[in-house]
Amino acid sequence: MEMVIVGAGPIGCYAAQLLKKCGINSFRIIEEHCEVGKPVRCAGIVGKPVFEDSLIPLSRDSILNQINGASFFYRGDSFKIERSGTALVIDRKKFDKELSRGLEIECGRRLLEIEEEEDEKRRYRLKTSHGDICADMIIGADGPRSRVRKFIDSKGKEERIGDRDRNRDGVKDKAKEDGGNGSDGSNDSNSSNSNNSSGKTSFYKGVQYRIKLDDPESLENVGEDKGEVFSREMVRVYMREGIPFFVWIIPEGDRIIRLGVIAKNGLKKLDRVIEEEGIKGEIIERLAGIIPLGVCQSVYKNVAVVGDAARQVKPLTGGGIYYGMKAAEILVECIREGTLAEYDQRWKSKFGREIKFGLWARKVYERLNEDEHELENIFSLFKENAEFIERVANFENHSLVFREALKRPKIFARAGKMLGRNLGKILF
């Protein structure tokens, strides 16, 4: 079997390494960029499980700093959540390159289109910027704007149209048998459309500055946290109206911080934070990336997508490396067993519910974020229960906090009132 992996980011390379580990070597990897690891499109902070739960040994050379918690800010108020070693700051370029060691990658080769051969062998023709490739199986790890996913979506749409036409013809035939009194099917509420729908995806743009501080203490006694020394082991999170996620400051080390946000007009918002917080230093790198949030069908016959291409992303933070790696493990297991058709159901049964919960929580937060009083209420609720959050929070499974909160009547009652006041915003 000839296999093509599209995309040599961390998830594509991890999948390739897992294939090699189980003795599958008949694959080739194509990557549209001229170098693995560039351009960087990630904040560069991951949970410890990325390294601890990996099925292959991961070099720790890419780790730059260990994070022991976060400080949260809203206007003049703040609180801390401290958990030793909860996350790691990584050099994403080096991380990707380490994962690609030992792999033959065709860099600078961009996928343009996929055609399905009309024969019984289920072969595919990949049209690329450097000629065509024929394959029996395709793995798309080609990011948020995945062309492999677009192929899967198009085939799913064709199948839904075919099912609808067959249903309509069936209704017409039944009507003829009944003497012409049946429906023409135009109002048929067949559930196959929703069951097979690829779902809706929202795309968010994230931007980040890497800033070399003039003085390692240049964030001391400024902005919203007067009197607090900037910690090299704590991430800073700023909640603000009109920002669907949050502003972050990640300490990288060697007097370098990463200041980022996921929002419209993100660069203007970052410049405003620099001014308000009195950050003094040189911007040594600017980066931007797309975060895809939603659900989609991740397999069609012998074609599958994984990672950002499959929307395997945490909706509350936009992180995707851990989920992508776990899904790659399931994908390779299905390939090895010859059960690729089960891949979509298997990974969704493992953490699809977590993603759906995150999408719901994100919708609620964005609706409440429109009202400064409700955002203040959210912050106050978090601050009052900081000790509880510190104890139960999980970097990779955000719903755990909410599930545990349901067992605490005071938290549940206050959150319930907030949701009740805004039910119209949330539902419509």
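Student: Which helix gives the largest share of the lining of the largest cavity?
Tutor: Helix H8, residues 343-368, with four residues. Keep in mind that this is a predicted model.

Student: How much space lies in that largest cavity?
Tutor: About 50 Å³. The structure holds one cavity of 30 Å³ or more.

Student: Which residues line the largest cavity, and what classes are they?
Tutor: The lining includes Lys-314, Tyr-323, Phe-357 and His-398. By class there are five nonpolar, three polar and three charged residues.

Student: Switching to cysteines. How many disulfides?
Tutor: The count is zero.

Student: Where do Arg-28 and Glu-106 lie?
Tutor: Arg-28 is in strand S2 and Glu-106 in strand S6, so the pair ties together parts 78 residues apart in sequence. Arg-28 is partly exposed at 33%, and Glu-106 is partly exposed at 24%.

Student: What about Lys-97, what does its side chain meet?
Tutor: Glu-35, in a salt bridge at 3.2 Å, N to O. Lys-97 lies in helix H3 and Glu-35 in the loop between S2 and strand S3, so this pair ties together parts 62 residues apart in sequence.

Student: Which residues do shared partners join into one network?
Tutor: Glu-117, Arg-125, Lys-127 and Asp-132.

Notes
Residues are numbered from 1 along each chain as its sequence is written. This is a predicted model: local features need pLDDT of at least 70, side-chain atom pairs count only at pLDDT 80 or more; totals for chains, interfaces and linings use all residues. Side-chain values use heavy atoms; hydrogens and water are left out. On a 1 Å grid over the protein atoms alone, a cavity is a set of points where a 1.4 Å probe fits but cannot get out, and a pocket is an open set with protein on both sides within 12 Å along at least five of seven lines; lining residues have an atom within 4 Å of a point. Grid points are joined across faces, edges and corners, and a volume is the space filled by probe spheres set on the points. Helices (H or I, at least four residues) and strands (E, at least two) are DSSP runs, numbered from the N terminus. Ala, Val, Leu, Ile, Met, Phe, Trp, Tyr, Cys and Pro count as nonpolar, Asp, Glu, Lys and Arg as charged, and the others, Gly among them, as polar. A disulfide is a pair of cysteine sulfur atoms within 2.5 Å. Buried means under 20% relative accessible area, exposed over 50%, partly exposed in between (1.4 Å probe, protein chains only). A salt bridge is a side-chain nitrogen of Lys or Arg within 4 Å of a carboxyl oxygen of Asp or Glu.
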